[in-house]
Amino acid sequence: MTKGPWRREHRVALDVAIAVAFGLLDTGLTLVHATWWPEHPGPLAWVMLGVQALACGSLAIRRVAPLTVIGVLGAFTLAVTLLISPVGALTPAHDGNSWAPLSTVLAAYGPLFYQRNRKAALVALAAFTVVIMRPWEPSVTTMTIGLLRTAVGPLLALYFDARRRMVCALVERAERAEREQHLLAERARAEERARLAGEMHDVVTHRVSLMVLQAGALRVTAKDEATRQAAEDLRATGCQALEELRDVVGILRAASDGDHTPSVGGFDDLVAESIAVGIPTELIQEGDPALASPVMGRVAYRVLREALTNVRKHAPGARVTVRVEYAETRLRLTVHNTPPTGRPSSALAGSGSGLGITHLRQRVELVQGRLRAGPSPDGGFSVEATLPAYVPTAESTV
C-alpha cells in the first residue's frame with residue numbers, strides 16, 4: 001500500500017537533487033566565464049546569477065510541468081541576451097559563448113517525454129531553440145552549440161518514450177496471451193466436462209433403460225405379489241433416475257472420439273443386451289471389420305447404442321435389424337426397426353434429453369461422415385450412418 005507514495009516521494013527528492021546539482025554546476029560554469037559572466041561583474045550580474053540559480057531550480061518540476069521549465073529557462077536566456085544586446089547592461093568576457101545555462105539540455109528532454117500534447121511541446125521547443133541559438137547574431141559555433149543543447153534532449157526523449165511504449169506493448173501482449181491461455185484452459189475444462197457428461201448420459205441411460213425394461217418384464221411374469229411390487233418399485237426408481245439424469249446432464253455437446261468407447265467388436269454385446277430385454281434383434285455384418293479404423297468403430301458403436309436405446313424407449317415390441325457393411329473406403333451402419341406393437345412407457349420415453357440424434361449427427365459429421373434418421377415406408381424407423389473407413393490425419397498425409 002505504501003509503495004506508490006514512496007516512489008512519488010523518491011522521484012520528488014531525486015528531481016530536487018538534480019535541480020540543485022544543475023544549479024551549482026551552472027553557477028560554477030558562469031563564474032569561470034563559460035557563459036555570459038562579465039570580466040568585471042557588477043550588482044546586475046550578481047542579481048542575474050541568483051536569478052539563473054532559481055531558473056535552474058525549476059528543473060525540480062520538470063516531470064509535472066515540463067513546458068513551465070522550458071518557459072522559465074527560455075525567459076532567463078532571452079533576458080540575459082537582451083541585457084547584453086541591445087541594452088548593453090552586461091558585457092560578457094567571451095562574446096562567442098552561449099548565454100543559456102547547461103540546464104537547458106535537461107529541460108529540453110521533458111516536453112516530448114512527459115508532455116502528452118506533442119504539438120504544444122514541439123512549438124515550445126522550437127521557440128526555445130531559437131532563443132538559445134540566437135540566429136539574429138550569426139555564429140556557427142553559437143548556433144551549433146545551441147542546436148545541440150536543444151536537440152540531444154528531445155532525441156533521447158523520443159528514444160526512451162518509444163522504448164517505454166514498446167515495453168508497455170510487450171507487457172500488454174504478454175498479459176493478453178496469459179488471459180487467452182486462461183480462457184483456452186477454461187474452454188478445455190468446459191469441453192471435457194461436457195464430454196464426461198455426454199459419456200455419463202450415453203452409458204448410464206443405456207444401462208438404466210435395460211434395468212427398467214427387465215424390471216417391467218419381471219413385474220409381468222412374477223407369480224407372487226411381493227415380487228411384482230418389488231419389480232414395480234425398481235422400474236419406477238429406474239425411470240426416476242433417468243429423469244434426474246436428464247436434468248443433471250442437460251444439453252450435451254458433441255464429444256471427442258479420443259476415448260475408450262468399444263469399437264465394432266462391441267456390436268455383439270449391444271445386440272445381446274437388446275435381445276435379453278425382449279427385443280428381437282438381428283445383426284448382419286458384411287465385409288472385414290478390420291477395414292474400419294478404431295475411431296470409426298467407436299463412432300459406429302455410439303450410433304448403434306443410441307439407436308437400440310431409442311427402440312427400447314419408443315418402439316416396444318418392434319423387431320430390429322442391424323446391418324453393418326465394411327468396405328475399404330467406408331463403413332455403413334443401418335439400424336431398422338419395424339412398427340411397435342405396444343404402447344411406449346411415458347416415463348421411459350421422456351427420460352432422455354431429446355437430442356440423441358442431433359448429437360449423433362454432430363459426432364458423425366465431425367469425422368466427415370453422414371447420418372440419416374427418420375420413419376421408414378413400412379411404418380418403422382431407420383437410422384443410417386455412412387462413415388469413412390479412416391479419418392485423415394496430419395501424419396497420414398505426409
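This is a predicted model: local features need pLDDT of at least 70, side-chain atom pairs count only at pLDDT 80 or more; totals for chains, interfaces and linings use all residues.
If we take the contacts in the chain with a separation of 6 or more, residues 24 or more positions apart account for 72% of them.

Let me turn to the interior. In soluble globular proteins, nonpolar side chains tend to be buried together. Here the largest nonpolar core has 32 residues, and the members that touch the most others are Phe267, Val303, Leu304, Val322, Leu331, Leu333 and Leu387. At least two residues of this core come from each of α8 (267-276), α9 (294-314), β2 (320-326), β3 (330-337), α11 (356-366) and β5 (381-388), and it is α9 that gives the most, with nine residues.

Now to the aromatic residues, where the count comes to eight pairs. One of these joins Trp37 and Trp46, whose ring centres are 4.9 Å apart and whose planes stand at 75 degrees; since an angle over 60 counts as edge-to-face, that is how this pair is classed. The two partners can also be described by their accessibility, for Trp37, at 4% relative accessibility, counts as buried, whereas Trp46, with a relative accessible area of 49%, is partly exposed.

How are the rings of Tyr109 and Phe113 arranged as an aromatic pair? They are stacked, with 5.4 Å from centre to centre and 25 degrees between the planes. Both residues belong to helix α4 (residues 103-114), and because they are four residues apart there, about one helical turn separates them. Tyr109 and Phe113 are both buried, and together with Tyr114, Tyr159 and Phe160 they form one aromatic cluster.

I will finish with Phe113, because its ring also has a charged neighbour by the geometric rule: the charged end of Arg164 sits over this ring, 4.4 Å from its centre.

Terms used: Residues are numbered from 1 along each chain as its sequence is written. Side-chain values use heavy atoms; hydrogens and water are left out. A nonpolar core is a set of buried Ala, Val, Leu, Ile, Met, Phe, Trp, Tyr and Cys residues joined through side-chain atoms within 4.5 Å. Buried means under 20% relative accessible area, exposed over 50%, partly exposed in between (1.4 Å probe, protein chains only). Rings of Phe, Tyr and Trp (its six-membered ring) pair if their centres lie within 6.5 Å; planes under 30 degrees apart count as stacked, over 60 as edge-to-face and the rest as tilted. A charge sits over a ring if NZ of Lys or CZ of Arg is within 6 Å of the ring centre and within 35 degrees of the ring normal. Contact means heavy atoms within 4.5 Å.
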